[in-house]
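User: I have a model open and want to learn how to read it feature by feature. Can you walk me through it?

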Amino acid sequence: MRICVIGAGYVGLVSAACFAEMGNQVVCVERDTLRAARLARGEVPLYEPGLETLVRTHLANGQLRFSLRLEDGIAQADIVFIAVGTPSGEDGSADLSHVLDVAHELGARLRHACVVVTKSTVPVGTGERVAQSINAGLARRGLGIRIAVASNPEFLKEGSAIDDFMRPDRVILGCDDPDSLALLRRLYAPFQRNHERLLCMGVRAAEFSKYAANAFLASRISLMNELAALCARLDVDIEDVRRGIGSDRRIGRHFIYAGCGYGGSCFPKDVRALIRSAEQQGLDAPILRAVEARNVEQKRWLFEALQAHFDGYWQGRRVAIWGLAFKPGTDDLREAPSLVLLDALLAAGAQVQACDPVATAEVARRYPEAVASGRLCLSESPYTCVEGADALVLVTEWKQFRQPDFLRVRSLMRMPVLFDGRNIYDARELSALGFLYRGVGRPMTG
Ligand code: NAD
């Protein structure tokens, strides 16, 4: 099939590369000139394991092309995917300006009937707005065609995006037009060889399902963090509790990890957008508001714990941070807990030494003054990072931080103090090595 994907971000680029991998002819349209030019040379501007290889392979065999021009991408397309960003607007609702700009452009430029699909996460009713905008444009130009707009929300996870796309838990197709649905079913058939994972429903239900999934997952994390706060007071280890409840099949083992808060480009903004959707319908959403509030508070937890440890005295304090990306396997820093910690530490006057396998360049771009003044030193070695530190903070649980040489770490630090924002370390082992250890919702040891 001939596919056009609009937007070459985490979702658009992965989708384009994976559709090409299945033998489709794909044009990915990206309006950022620099990004499009780099992609056309086979340079992938974001970190996602396996993506660069796929992009290069299909650029070389001609199944994947990049273009700045929408006309170019849609000229022959059977299916057009909209995969542009839907960031939080000022009031927390989803900012649909990129999606609606694309819809307007499609109305002005499409010359033939095709299926348009929103892959971006969009509130209920957006598909109808996109269809209206495109069809109004087509009618103005006197073309006797009408476009059906389907919804195909994306569930890939950064860090394992290729695998998630190639072997999805499910593919949701929200489509009210039988011919379009038949085409989309064909497109996704190779992604479900082992068992049928297509879930078909109306456009509005598909749009809502994406928000519902993210709200559900975010709720589990915030509930676990709330329980962790109580555990810490009651001298109970939340990690024991996690194992205790995870074995209950009704609860399950996934997404019940206490930590320093969720970040990323989806959970925070999607929970906020759902709260706004409820408000727009005259409803309150107290559970979702609490999920969001707990997360905002949780992201402050590491700094508050350090502040208590140093008695609020920051003069000459050096803090080492392991992990900056919002989660392992990505360079994405959007709404990352590390940013809340960095802001607070720099405002308090601490000297910060931070390390991340792939996200340091983006941190340097965001904190140019702190880097230039030497108050923020970035390194790619976990050991250089801890030199002379008064405390080490684990924020993102990259594999390379899971089993470090703690004797070496201790010898390099000024004080052996470890704040574990993801509860990945063995508290007793660390305290036996002489560390003062503090985890989320765990008794203090050392
Ligand atoms: P992103 O910001 O990484 O990428 C969006 C890209 O679209 C950018 O490169 C931007 O330049 C480009 N773009 C914007 N307007 C354009 C236009 N008119 N023409 C061509 N290109 C244009 O965003 P993302 O993380 O890929 O997310 C895209 C959507 O998918 C969002 O709605 C998001 O909520 C959703 N989503 C994201 C993830 C994720 O893990 N990142 C997962 C599932 C769903």
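This is a predicted model: local features need pLDDT of at least 70, side-chain atom pairs count only at pLDDT 80 or more; totals for chains, interfaces and linings use all residues.

User: Fine. What does the radius of gyration tell me here, and how many helices and strands does the protein have?

Analyst: The idea is to compare the value with what a compact globule of that length would give. With 446 residues the rule puts a globule near 22 Å, and the protein comes out at 24 Å, so the two agree. The C-alpha trace spans about 75 × 45 × 45 Å along its principal axes. As for the secondary structure, there are 19 helices and 14 strands.

User: And how do I read burial and contacts?

Analyst: Count a residue as buried if 20 or more other C-beta atoms lie within 10 Å of its own. By that test, 46% of the 446 residues are buried. For contacts, look at separation along the sequence: taking pairs at least 6 apart, 71% of the contacts join residues at least 24 apart.

User: Which domains does the assignment give?

Analyst: It gives domain 1 (2-201), domain 2 (211-296) and domain 3 (299-439). To see how two of them relate, check the centres and the contacts. The centres of domain 1 and domain 3, over C-alpha atoms, are separated by 38 Å. Eight residues of domain 1 are in contact with seven residues of domain 3. On the domain 1 side of that contact, four residues are nonpolar, two polar and two charged.

User: Let's zoom in on a helix. How many residues does α11 have, and which of them are buried?

Analyst: A general point before the case: an α-helix has 3.6 residues a turn, so residues three or four places apart point the same way. Helix α11 covers residues 267-280, which is 14 residues. Its first and last C-alpha are 20 Å apart, close to the 20 Å expected at 1.5 Å a residue. The buried residues of α11 are F267, P268, K269, D270, V271, A273, L274, I275 and S277. Among the elements covering them are α9 (203-234) and α12 (286-298). After α11 comes G282, with a positive phi near 75°.

User: Last one: which residues come nearest to the ligand?

Analyst: Start with the shell, then ask what supplies it. There are 26 residues around the ligand, and G7, G9, V11, S120 and T121 come nearest. Helices α1 (10-21) and α5 (97-109) each supply at least two residues of that shell.

Note on methods: Residues are numbered from 1 along each chain as its sequence is written. Helices (H or I, at least four residues) and strands (E, at least two) are DSSP runs, numbered from the N terminus. The radius of gyration is taken over C-alpha atoms; the globule rule is 2.2 Å times the number of residues to the power 0.38. A residue is buried if 20 or more other C-beta atoms lie within 10 Å of its own, exposed if 12 or fewer, and partly exposed in between; C-beta atoms are placed from the backbone. Two residues are in contact if their C-beta atoms, placed from the backbone, lie within 7 Å. Domain bounds come from an automatic or database domain assignment. Ala, Val, Leu, Ile, Met, Phe, Trp, Tyr, Cys and Pro count as nonpolar, Asp, Glu, Lys and Arg as charged, and the others, Gly among them, as polar. The expected span of a helix is 1.5 Å times one less than its number of residues. A residue is near a molecule or strand if its C-beta atom, placed from the backbone, lies within 6 Å of it.
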